[in-house]
Amino acid sequence: METSYYAPTDTTTVPSGWTYNPSTWRERIPLVVVATIGLLIALYLSAYQLRMLDTVWDPFFGSASSESILDSPIATILPVPDALLGAFGYLLDAVTGVIGSTRRWKTMPWMVILFGFAVGPLGITSLFLVIAQPVFFDAWCTLCLTSALISTVMIGPAMDEVLASLQYMQRVKRSGYSTWKAFWGDKAISSTVV
Amino acid sequence: MTARILNIGIGLWLMVLPFVLDLPRSWANHEYIIAPIIISIAIISTSESTRDFRYANTLLGVWLLLSPWLLQHLGMTYMLNETIAGLLVITFSLIRGKVSERFGGGWRSLLARTPAHLLAVQEKDKNKNQRYGS
């Protein structure tokens, strides 16, 4: 006779139909590290744009080329320099990447989706800025390109967790529970819906 | 992975093409717009969970094939470049490559009538019930 004990609450960490858990630290820490590197680059570029530095390091296209990008009308179109906005984006990436347990795809969907919203648009914005460099200003900026590369590289690895959260909310909806409550991490729902 | 890296390589080639062929400004801009998009799509579809995003590059490959015909003709070298690059981008974007993880039916499950991740739950419940006869 089997005497296995089944806990009344669901404690699975691997999402249903998945082969791994996208919210483990092994999945998230690399993204936080990469976002932090992006943050440092963006802060350095902001320091130039805020005139705290006189020049910008650029081993490939020369400082003058980088500076013409960083002083361009697009970079200065808003009250704050664009690199500072980028720095804020990377900070949001890192913070929303690090908050939450390794089950957060179901216990904290709002944080995972906020993380996805921080990572996705940052990458798309930097794609636009990469195109703008040669097309509008006929110049290149190595560190700006590096930052764009970093934000693009983050998108793919970040999206699996978002997918797991969205699928969880889909199951919540099919089970007849409130997706709004589940989005904010309702414990009763997350311990009932697998 | 290899197919994605090759498409990144083609994107980089298109990026330097304006220098190599000394293209006029408007044509250079065409490359400067399309190349970073191809590279970004290839980078994103390197991840297994977003692998199907590669089909976006299929469309861009088709655009590369059509662009010399739809826009002003600019000589044989340029046309050959765009055509070969277009064919290669299409080919590599159609290669799925290795996907060793499963994602509960992936992104398309979100629109599916019976999503794979939901079926997996039902399957598990059924097995449990059979085993314990409830």
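Where is C141(A) found? C141(A) sits in the loop between α5 and α6 of chain A. Helices here are DSSP runs of H or I with at least four residues, strands are runs of E with at least two, and both are numbered from the N terminus.

Before going on, some conventions. This is a predicted model, in which local features need pLDDT of at least 70, side-chain atom pairs count only at pLDDT 80 or more, and totals for chains, interfaces and linings use all residues. Residues are numbered from 1 along each chain as its sequence is written, chains are lettered from A and ligands numbered from 1 in the order in which they are written, and side-chain values use heavy atoms, with hydrogens and water left out.

Back to C141(A). Its relative accessibility is 0%, so C141(A) counts as buried. Buried means under 20% relative accessible area, exposed means over 50%, and partly exposed is in between, with a 1.4 Å probe and protein chains only. Not counting residues up to four places away in sequence, C141(A) touches D58(A), F61(A), S66(A), I69(A) and Q133(A); contact means heavy atoms within 4.5 Å. C141(A) and L92(A) are 49 residues apart in sequence, and their C-alpha atoms are 24 Å apart in space.

D138(A) is also placed in the loop between α5 (109–137) and α6 of chain A. D138(A) is exposed, because its relative accessible area is 58%. D138(A) is not a glycine, yet has a positive phi of about 55°. Another residue of this kind is R51(A), again not a glycine, with a positive phi of about 65°. R51(A) is in the loop between α1 and α2 (63–70) of chain A.

Next, T19(A), in the segment before α1 (25–49) of chain A. Is T19(A) buried, exposed or partly exposed? T19(A) has 37% relative accessibility, so it counts as partly exposed. Leaving aside neighbours within four places in sequence, T19(A) is in contact with V14(A), E101(B) and R102(B). The side chains of T19(A) and E101(B) are joined by a polar contact of 2.5 Å. A polar contact is a pair of N or O atoms within 3.5 Å; within protein, one must be able to donate a hydrogen and the other to accept it, and residues adjacent in sequence count only if both atoms are side-chain atoms. As for R102(B), its backbone nitrogen lies 2.9 Å from a polar atom of the T19(A) side chain.

Now to chain B itself. Chain B is divided into domain 1 (2–101) and domain 2 (104–134), with bounds from an automatic or database domain assignment. The centres of these two domains of chain B, taken over C-alpha atoms, are separated by 39 Å. T58(B) lies in helix α3 (residues 55–70) of chain B. T58(B) counts as buried because its relative accessibility is 15%. Residues up to four places away in sequence aside, T58(B) touches I90(B), S93(B) and L94(B). From T58(B) to L88(B) there are 30 residues in sequence and 9.6 Å in space, C-alpha to C-alpha.

Last, the cavity. How many cavities of 30 Å³ or more does a search of the whole structure find? The search finds one. The largest cavity is lined by P22(A), E27(A), R28(A), L31(A), F115(A), P157(A), A158(A), D160(A) and E161(A). The largest share of that lining, four residues, comes from α6(A). On a 1 Å grid over the protein atoms alone, a cavity is a set of points where a 1.4 Å probe fits but cannot get out, and lining residues have an atom within 4 Å of a point.

Definitions and conventions
1 Å grid on protein atoms, 1.4 Å probe; cavity = no way out; pocket = protein on both sides within 12 Å on 5 of 7 lines; lining within 4 Å. Points joined across faces, edges and corners; volume = space filled by probe spheres on them.
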